[in-house]
Amino acid sequence: MFKIKFLFVAVLLLSCSMFAQNLWTGETAINFTIQANTKAASFVDASGIHIVYFRNGGIKYALVNSQGAVIKYDKVIEAEGQGTDFANVAVAGGNVYVVYYKNNDIKVARSTNLGDSWNNTYSYFDCINTGCNKIVAYSDGSDLHITWSELRVGDYFYKDVHYVKFTPSSPTPWIDYKRVSEIDPPYLFGAENPDLTFSSEKIYVNYTASSWQPINRDRNVNGSWNNLEIIPFNQLPMTNSVRSVKPIIIGNELNSVYVNDWGGMNYSGVLIGHSYKDINGSTWTQDPNYLQTERLDAYTVYPHVASNTKDGKIHIIYYDKNLAMYSYRTIINHTFSDHITNIQISNYLSNSFTPNSNDLYLIRTGNTSTPGNILFRQYDAAPLAPANYSVSVYQSGTNYYPRLTWSLNNEPDVRNKTSNAYKLERRSRQLNGTWSSWSTLANLSGTTASYIDYSINNASGGDREAEYRITAIDLGENSSPAQSVTIEYGMYILDKIKVSEVVGDFSLDQNYPNPFNPSTKITYSIKEEGLVTLKVYDILGKEIVTLVNENKAAGNYEAEFNASQLPSGMYIYKIQSGSFSDVKKMLLTK
């Protein structure tokens, strides 16, 4: 009964120093044998950090774990000199996909063995025109959602934003194509800098129109696209231009985080702000809060990134002139955090800011055109609680033991631990009594998803109960919230002695064994002579069989129920004798 964490050849120097109110680990330099010289992108799952990086027009792949240990690197996707650009990496359906631009096509390369080998002719989508300046591709677990911008047909200056879905399992993988910016108002002369996100109900594409106005368009489940929505943004009485806008879903809200360049004769800089709306609504609210930072000079480019974690926070990295370095802040409940965390990174060419549960991984390349290291830092937060935690009964011979199961965490800094990734504890008590203290039952690896408690050999009902709680612990020794389940156990009276003495009261006992296959015994007591009925029903209340229907003298009795012809499932048995009635459940497992 249930009441239920890059060294690629050279030595890796990993600094894990922590700052007050700072969860960022120290920056780590990864020395490639053949290094990256422009951009890098990443995707993080239980396997580790998937990284794609460019080298002289080619693309290569690397996989490292959250501690920086080498798994594989320099796996060629496209050879050097191929003119590739804008690579994204994602995992869908257990395979690794890299989406990139080459020869006016959006290409998809696939690896079925975690990057050891690649099929770079797997699929492609012919772009509508030329001049692509950005591609974004994200996985929903099975499909890839892709948005990009390219020159408008018949134009040599203005661009359009497009969307398409890639479904690897389908004979026609490219579906739902849409020129998202087709309904720009007359005063908007082009669209670029796209990004997207999705919920179970909609796809949301954000982009900038004419490089100054942030725009959102939603796609419904039925395939229809809603009219564009102009996202309100902070403006000052000076020249301003929205450089980028990123959609992020937090709960039931769509947030759009944007960077607005602005300047005047004697002052210039950027504003970072955001607006939000209900995911199914069309009315936007502009957050009056914003981050303000200044340019070092008129030509400084401001790399910035935004991402979100499962705990409802939006995370932003930006350049802060006052500190002369990059800083990190969060948005919580539409308000920028008061603290500013100095993450001590130098200028960089590109970055990838990838969330994984409540962790973040910042991947960046060097600041020169010659080959350089790829660097990364981790925002090391507590892991998520193990999902789908439950207890059932495991039968071995005539013994019945509690069996605990859960879904493995997707964080690599939990999955990669060989011990102490899952801490199991137990406490017990008499039914409705006082709980004992918690005691540690087991410390398990990050790839263990079940545990059988052999110290309790009569689980499934009785006069005692045991509560089991589980905690996930990552490589940084951060602990998740605990999950708890309870099971009853105890000794059964297998055979009550049939005596002629007066029985003190009516009773109906729990069947034994339970769960059972295929037969079980039901004992009951009758206080005084009279008609007794004992019937079995299915979970829907349909009568299955009548076990007893006769007059019985006062005493203790036993009935056997054989379910060899019935399917597995929960059944109900009910006794009636005079004014006495009682009902209990039993479980048939085949």
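How does Ile128 count at 42% relative accessibility: buried, partly exposed or exposed? Select Ile128 and look. Ile128 counts as partly exposed, because its relative accessibility is 42%. (Buried means under 20% relative accessible area, exposed over 50%, and partly exposed in between, with a 1.4 Å probe and protein chains only.)

Before moving on, two notes on the model. This is a predicted model, in which local features need pLDDT of at least 70 and side-chain atom pairs count only at pLDDT 80 or more, while totals for chains, interfaces and linings use all residues. Residues are numbered from 1 along each chain as its sequence is written, and side-chain values use heavy atoms, with hydrogens and water left out.

**Stop 1: a surface patch**

Stay on Ile128. Ile128 sits in the loop between β10 (119-126) and β11 (134-139). With Ile128 they make a nonpolar surface patch of about 280 Å². (Patch residues have over 30% relative accessible area and no salt bridge; nonpolar side chains, meaning Val, Leu, Ile, Met, Phe, Trp and Tyr, are joined within 5 Å, and like charges within 9 Å. Accessible areas come from the Shrake-Rupley method with a 1.4 Å probe, and for residues only the protein chains shown count as cover.)

**Stop 2: aromatic rings**

Tyr177 is partly exposed at 35% relative accessibility. Trp148 is buried, at 0%. Their ring centres are 6.4 Å apart and their planes meet at 40°, so the pair is tilted. (Rings of Phe, Tyr and Trp, using its six-membered ring, pair if their centres lie within 6.5 Å; planes under 30 degrees apart are stacked, over 60 edge-to-face, and the rest tilted.) Trp148 is in strand β12 (residues 144-151) and Tyr177 in strand β14 (residues 174-179), so the pair ties together parts 29 residues apart in sequence.

Ring pairs link Tyr97, Tyr122, Phe125, Trp148, Phe166, Trp174 and Tyr177 into a cluster. The count for the structure comes to 19 aromatic pairs.

**Stop 3: a covered strand**

Go to Tyr97. Tyr97 stands opposite Arg110 in β9. Strand β8 (residues 95-102) and β9 run antiparallel, joined by seven bridges. (Two strands pair if DSSP finds at least two bridges between them.) The two form a hairpin with two residues between them, and Asn103 in the turn has a positive phi of about 50°. Colour strand β9 (residues 105-111): six of its seven residues are buried. On to β10, which runs antiparallel to β9 and is joined to β9 by five bridges. Here Val108 stands opposite Ser123 in β10.

**Stop 4: salt bridges**

Side chains of opposite charge can pair when their charged atoms come close. The structure holds 21 salt bridges. (Each is a side-chain nitrogen of Lys or Arg within 4 Å of a carboxyl oxygen of Asp or Glu.)

Select Lys202 and Asp218. Their side chains meet in a salt bridge, 3.7 Å from N to O. Lys202 lies in strand β16 (residues 202-209) and Asp218 in strand β17 (residues 213-220), so the pair ties together parts 16 residues apart in sequence. Lys202 is buried at 10% relative accessibility, and Asp218 is buried at 1%.

Next, Glu425 and Arg469. The closest N and O atoms of this salt bridge are 2.7 Å apart. Glu425 is in strand β33 (residues 422-430) and Arg469 in strand β36 (residues 459-472), so the pair ties together parts 44 residues apart in sequence. Glu425 counts as buried at 9%, whereas Arg469 counts as partly exposed at 24%.

**Stop 5: an open sheet**

Which strand order does the open sheet of four strands have? Trace β41-β40-β43-β44; the pairing is antiparallel. β41 (543-552) and β44 (580-588) stand at the edges with a single partner each, so one side of each has no neighbour in the sheet. Zoom in on strand β40 (residues 530-538): it pairs with β41 in the antiparallel sense over eight bridges. End on Tyr537, whose bridge partner in β41 is Glu543.
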